Amino acid sequence: MRKRQVSATRIVAAPPEKIFELLADPSKHPLIDGSGTVLAAQGGGPERLTLGSRFGMDMKMGANYKILNTVVEFDENRLIAWRHFNGHRWRWQLKPLEDGSTEVTETFDWSTARIPLLIDLSFFPRKNKQAIDKTLDRLVNLFQA
């Protein structure tokens, strides 16, 4: 069976609690977005995400659009994932390291998508892998001393 996810990992010079606070605040997502598609959190959503939270984002890929996300995985300071309308997930895993830094893995997982074959055949896996690399680089730079 084909693996239906792409991911990357970086070491970030910050404890998981600080990184998680950024990830759990939708208004901060544009700060780290490496795809160039995340513009802003929509008003009226939660300031801090928890399991089951629904939050909207203003996006741009060619044209402007809005997308609604639902938090479907949540373990405080260790794991957060949200899914879009098609069911694919964006997952962040944080592993504390002995030196006070954190191993951060971001994953685009379309194994949970309604029609994963459509994503298999699209440019999204390759494009999202490139965006993940850029996003993690931005996260590393954000927490550099």
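Begin by selecting Thr50 and Ser53 in this predicted model, where a polar atom of the Ser53 side chain lies 2.9 Å from the backbone nitrogen of Thr50. Keep Ser53 selected and follow the chain to either side of it, and you will find that Ser53 belongs to the loop between strand S2 (38–41) and strand S3 (54–61). Is Ser53 buried or exposed? Ser53 counts as buried, because its relative accessibility is 9%, which is under the 20% cut-off. To see what Ser53 touches, leave aside its neighbours within four places in sequence and select Pro46, Arg48, Asn69, Thr70 and Val71, with which Ser53 is in contact.

Next, select helix H4 (residues 124–142), whose 19 residues reach 26 Å from the first C-alpha to the last, close to the 27 Å expected at 1.5 Å a residue. Within H4, colour Pro125, Asn128, Ala131, Ile132, Thr135, Leu136, Leu139 and Val140, which are buried. As you look along the helix, bear in mind that an α-helix has 3.6 residues a turn, so residues three or four places apart point the same way. Then show what covers the buried residues of H4, which includes strand S1 (5–12), helix H1 (16–23), helix H2 (29–32), strand S6 (89–96), S7 and H3.

From there, move to Ile115, which is placed in the loop between strand S7 (102–109) and helix H3 (116–120). Ile115 is partly exposed, with a relative accessible area of 46%.

Terms used
Residues are numbered from 1 along each chain as its sequence is written. This is a predicted model: local features need pLDDT of at least 70, side-chain atom pairs count only at pLDDT 80 or more; totals for chains, interfaces and linings use all residues. Side-chain values use heavy atoms; hydrogens and water are left out. Helices (H or I, at least four residues) and strands (E, at least two) are DSSP runs, numbered from the N terminus. Buried means under 20% relative accessible area, exposed over 50%, partly exposed in between (1.4 Å probe, protein chains only). A polar contact is a pair of N or O atoms within 3.5 Å; within protein, one must be able to donate a hydrogen and the other to accept it, and residues adjacent in sequence count only if both atoms are side-chain atoms. Contact means heavy atoms within 4.5 Å. The expected span of a helix is 1.5 Å times one less than its number of residues.
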